[in-house]
Amino acid sequence: MIDESTQQRLKEAWRSVVLPRGIFHFTSGQLEQFVCHEDMEALLQERLHAKDPDLVAEGLSGVLHWLFQVESEGRDAIYQFRSAVRRWSLVEALRLFDWLEGPGLIQIDNLRMPVFRDLPSASALRMFLNPQSRVCLRPVHLQLRQLKGPSILHEVEGELGRWPLTLFNEVCYERWCQICAGLAASMEGENWRPVDMERALGQLIQEGESELALRLVHVGESLRNL
C-alpha cells in the first residue's frame, strides 16, 4: 500500500499537473478555451463517439493537438494526419469506437490511420475514448527505463522514441493501466481515476523524482498480484 507521506506527495504532484484546456477548431481556425480540462475532455470524447466521420476526424485531430500541447512537440503530426487520413478509415474508426473494449491498441493500429501508429498517440486516443478506465503511456513515463529495473515499463519494446504497436506492447499497456488503477484505488479518502495517477506519476518524473515514481510502479505491480 501507499504510506501517508507518499500519498501526500502524490496529491501535491497531481495539483501541479498543467493540462491543456483548449480545443482547436480546424474548420474555423479558432482555439476554444474551456474553464477546466474535464470540459475539454468531454467534448473530445463526444466527437470521437460521433456518427459523423467529419466530427470523428475533428476528435482525432483534437487528440493530436492535446498531445502537441502536453509534449510541446508534434505539430506537424496534426497536419500529417489531416492531409493523409481517408474517409473510409474514419468510417471504420467510428464503428470500432462504438464497441471497443480492453486495451484496444492493436484494433486502433489496424485502422491504418496516419500518425496513430505508436504507443503515445494510440494510448492517448484510447484514454480519451474511455477516460474512466484508460490511461496514456507517454515518453515521460518511459524515461523510467533509464533507472535500474525491472518493471513493466522496462519490458516495453522499442527505444529512442520509437514505441511500436505490437501485441507485446499492448500487453504492457494493459498492465500499465492496471498499475495506475491499483495505485489510484489505494489513495485513501480520494476519488482518483487511473488517469489521475498516471498524470501524477508523470509529474513526479518531470520534477526529478523518478526513483519515487519507479517505486510506486513497483507497488502497483505488487497490488496486481494480491
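Close-up 1. Trp-14, at 35%, is partly exposed. The whole structure contains 4 aromatic pairs (ring centres of Phe, Tyr or Trp, the latter by its six-membered ring, within 6.5 Å; planes under 30 degrees apart are stacked, over 60 edge-to-face, the rest tilted). Trp-14 belongs to helix 1 (residues 4–16) and Trp-192 to the loop between helix 10 (167–185) and helix 11 (194–206), 178 residues apart.

**Close-up 2. The edge-to-face pair of Trp-66 and Phe-128.** The ring centres are 5.2 Å apart, with 85 degrees between the planes. Trp-66 in helix 3 and Phe-128 in helix 7 are 62 residues apart. Both are buried, Trp-66 at 2% and Phe-128 at 0%.

**Close-up 3. The buried face of helix 5.** In helix 5 (residues 87–99), the buried residues are Ser-89, Leu-90, Ala-93, Leu-94, Leu-96 and Phe-97. Down the axis they fall within an arc of 165 degrees (directions from the helix axis to the C-beta atoms), so they line one face. Trp-88 and Trp-99 are exposed on the face turned away. The buried residues pack against helices 2, 3, 4, 6 and 7 (heavy atoms within 4.5 Å). Helices are DSSP runs (H or I, at least four residues), numbered from the N terminus.

**Notes.** Residues are numbered from 1 along each chain as its sequence is written. In this predicted model, local features need pLDDT of at least 70 and side-chain atom pairs pLDDT 80 or more, while totals for chains, interfaces and linings use all residues, and side-chain values use heavy atoms, without hydrogens and water.

Terms used: Buried means under 20% relative accessible area, exposed over 50%, partly exposed in between (1.4 Å probe, protein chains only). Helices (H or I, at least four residues) and strands (E, at least two) are DSSP runs, numbered from the N terminus.
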